[in-house]
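Dear colleague,

I am handing over the structure below, and my notes on it follow. Please read them with the coordinates open beside you.

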Amino acid sequence: VEYRGEDTRGNVWSVDAAEVSQQGEQVNLRAIEATTTNEKENSLTFRAGEGDYDQGNQSLNLKGDVAISGAGLVLKTEQIKGDLKSGEASTDGPVSIQTDGTQTGGSAKIDAGNLQLQQHGAIIKLSGGVKGTFTPAEKTTETTDSDAQISTSTSTSATEQLGANPQ
């Protein structure tokens with residue numbers, strides 16, 4: 001089953017799911033792949049084993065091998081909950097963010113106990129045993145911190161904000 005549309009901010013989206021069931025405003029999805037593209041042609045792809053979308057609250061709960069990819073990064077976790085109105089999302093468990101191999105010159109991986117996204121992903125907060133490994137073309141640098149915050153903008157990647165440019 002495939003759905004396509006555009007939100008009030010002009011983002012084009014599509015959702016493809018192997019199974020869909022609905023009771024009232026609650027939509028249950030299985031084997032999900034979704035893509036959203038903004039007006040600047042930046043896109044994110046979401047994959048999950050299953051998900052629940054509450055149309056009334058505009059909330060989405062993805063679970064089971066969740067992977068979100070875009071901008072040269074891949075985020076992996078077992079579950080992520082998001083509020084589509086506010087643009088906020090969070091995990092209740094471990095999360096891993098790493099470069100996806102499309103960038104040249106190095107790689108980066110960050111592991112954390114949980115994650116919070118704010119302002120439609122402009123602010124990424126990691127906490128709970130944050131550990132990062134950054135591998136430039138020449139050497140490897142590892143950092144560890146109990147809490148970390150990454151601020152991103154449309155012109156700067158998250159890894160550049162941390163001082164490691166995988167390009």
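Two strands are said to pair if DSSP finds at least two bridges between them, and helices (H or I, at least four residues) and strands (E, at least two) are DSSP runs numbered from the N terminus. This is a predicted model, in which local features need pLDDT of at least 70 and side-chain atom pairs count only at pLDDT 80 or more, while totals for chains, interfaces and linings use all residues. Residues are numbered from 1 along each chain as its sequence is written, and side-chain values use heavy atoms, with hydrogens and water left out.

Strand β3 (residues 26-37) pairs with strand β4 (residues 43-54) in the antiparallel sense over 11 bridges, with I32 having A48 as its bridge partner in β4. These two strands form a hairpin with 5 residues between them, and E41 in the turn has a positive phi of about 70°. β4 is also joined by 8 bridges to the antiparallel strand β5 (residues 59-70), where K63 is the bridge partner of E50.

Buried residues (under 20% relative accessible area, 1.4 Å probe, protein chains only) make up 31% of the 167 residues in the chain.

Best regards

Note on methods:
Buried means under 20% relative accessible area, exposed over 50%, partly exposed in between (1.4 Å probe, protein chains only).
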